[in-house]
Amino acid sequence: MSKELISQENIVVGEIANGLPLTIPVYRLKGDGTGPNVYIQANMHGAEVQGNAVIYQLLEQLKSLKLRGDITLVPYANPIGCNQKSGEFTLGRFDPITGTNWNRMYRFNKALPSQIAEQHKDCDDATLKAAFKQALVADIDSQLTGPDYSLPTGKRIALNLQKLAHQADIVLDLHTGPISSKHLYCPEYAKDSASYFNIEHVLLIPSDFDGAMDEASFCPWWSLSEELGKQGREFAVQVEAFTVELGSQEKIDLSAAHEDANSILSYLNHKEVLVDAAYHPKAMTRYACMLEDYVAYYAPMGGMVEYLAPLGGHIKAGEPIAHILRMERYLSEQPLQTLSFDKDAIAILHFASASVNQGTELYKFFTNVFEL
């Protein structure tokens, strides 16, 4: 495959205030039709730009590889978010009009799995899979072709992206944290696949839907599997979807992006998307926790924070995790306070600023950690 075999389409996802179209770039590579199809997007949140560098590095390698499955890649998935600036900082986590998280606007029609399970109960697995994919895309089309006044800006963008994702068997949504270590949001049923990414920290999530792209991609298939199980039929979940957290926001690192691309290609090679490719997971210990054990630590007081817990590092209960400096109270109290956490944990991410109010989310910790 060469660069000339990569196609580009700019799809319209809305209009801006001067009436001009709002577009996103979509890159496609064709496989030979014998492997699963893949959808990868990046930069749904404005400051989370590293995924664009990873897509660049993926394209640089994919153009010289043979593919079994089709691959669709979407950088700049949210053109409003990545241009949403305040001074030198990128905002773009929330729709500025509605306040809704850009990554919580995807759709899950909970009635669809039971309908398809009943209508196609006598079909073979391949026919059933094709019918459900078609139904998922048609459901999104029904929303996009409804009255123009019924869709907020963010919802329209999300539905256009979701329509692309529903045509794939593997969905990867590339994100970053504020100041963060790399970690993977992995559905519990797909935990074996986590070992094929070169990511040390894995967060196992249930099949509940909370509006995110990964959930919008796998929850319908999980529900279909459960509905068919009620009929006494075993039907594996047909789609794997992950949120891949690539580190910290507001920067790109092309060297790290090359490593992240290799990580993704290792997983895709395992899933037989690639033909005779030499991508394999690195030997490493992978640590996991359940979503219910992913703990937010909120600032117990306001002040200026020195973050002490090393990201990705294991901390012991009672160890210092931060200093808070409160200079306004220099004469009335101890101005430098030390914070600790009462559990053994792994520090995954922390707030981007040193200036915090009481109640600011300072850290996110893995607790009750186990090896995969």
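Is the crossing of α2 and α3 right-handed or left-handed?

Reply: This is a predicted model. The crossing of α2 and α3 is right-handed.

Start with the geometry. Two packed helices are described by the angle between their axes and the distance between the axes. Helix α2 covers residues 112-119 and helix α3 covers residues 125-144. Their packing angle is about 140 degrees. Their axes lie 10 Å apart.

Now the residues. From α2, the contact uses L112, P113 and I116. These meet L128, F132, A135, L136 and D139 in α3. Sorted by class, the contact of α2 with α3 has seven nonpolar residues, one charged residue and no polar ones.

Next, a residue in another helix. Q57 sits in helix α1, which spans residues 50-62. Its relative accessibility is 11%, so Q57 counts as buried, the cut-off being under 20%. Leaving out residues up to four places away in sequence, Q57 touches L254, A257, H258 and A261.

Last, a sheet. Four strands form an open sheet, ordered β17-β16-β14-β19, with antiparallel pairing. Its edge strands are β17 (336-340) and β19 (355-356), and each of them pairs on one side only. Inside the sheet order, β14 is followed on one side by β16. Strand β14 holds residues 303-307, and strand β16 holds residues 320-325. Four bridges join these two antiparallel strands. Within this pairing, E306 stands opposite H323 in β16.

Terms used:
Residues are numbered from 1 along each chain as its sequence is written. This is a predicted model: local features need pLDDT of at least 70, side-chain atom pairs count only at pLDDT 80 or more; totals for chains, interfaces and linings use all residues. Side-chain values use heavy atoms; hydrogens and water are left out. Two strands pair if DSSP finds at least two bridges between them. Axes are lines fitted to C-alpha atoms, for helices over the stretch in contact, and angles run from 0 to 180 degrees between N-to-C directions. A crossing is left-handed if the near helix is turned anticlockwise from the far one by less than a right angle, and right-handed if clockwise. Contact means heavy atoms within 4.5 Å. Ala, Val, Leu, Ile, Met, Phe, Trp, Tyr, Cys and Pro count as nonpolar, Asp, Glu, Lys and Arg as charged, and the others, Gly among them, as polar. Buried means under 20% relative accessible area, exposed over 50%, partly exposed in between (1.4 Å probe, protein chains only).
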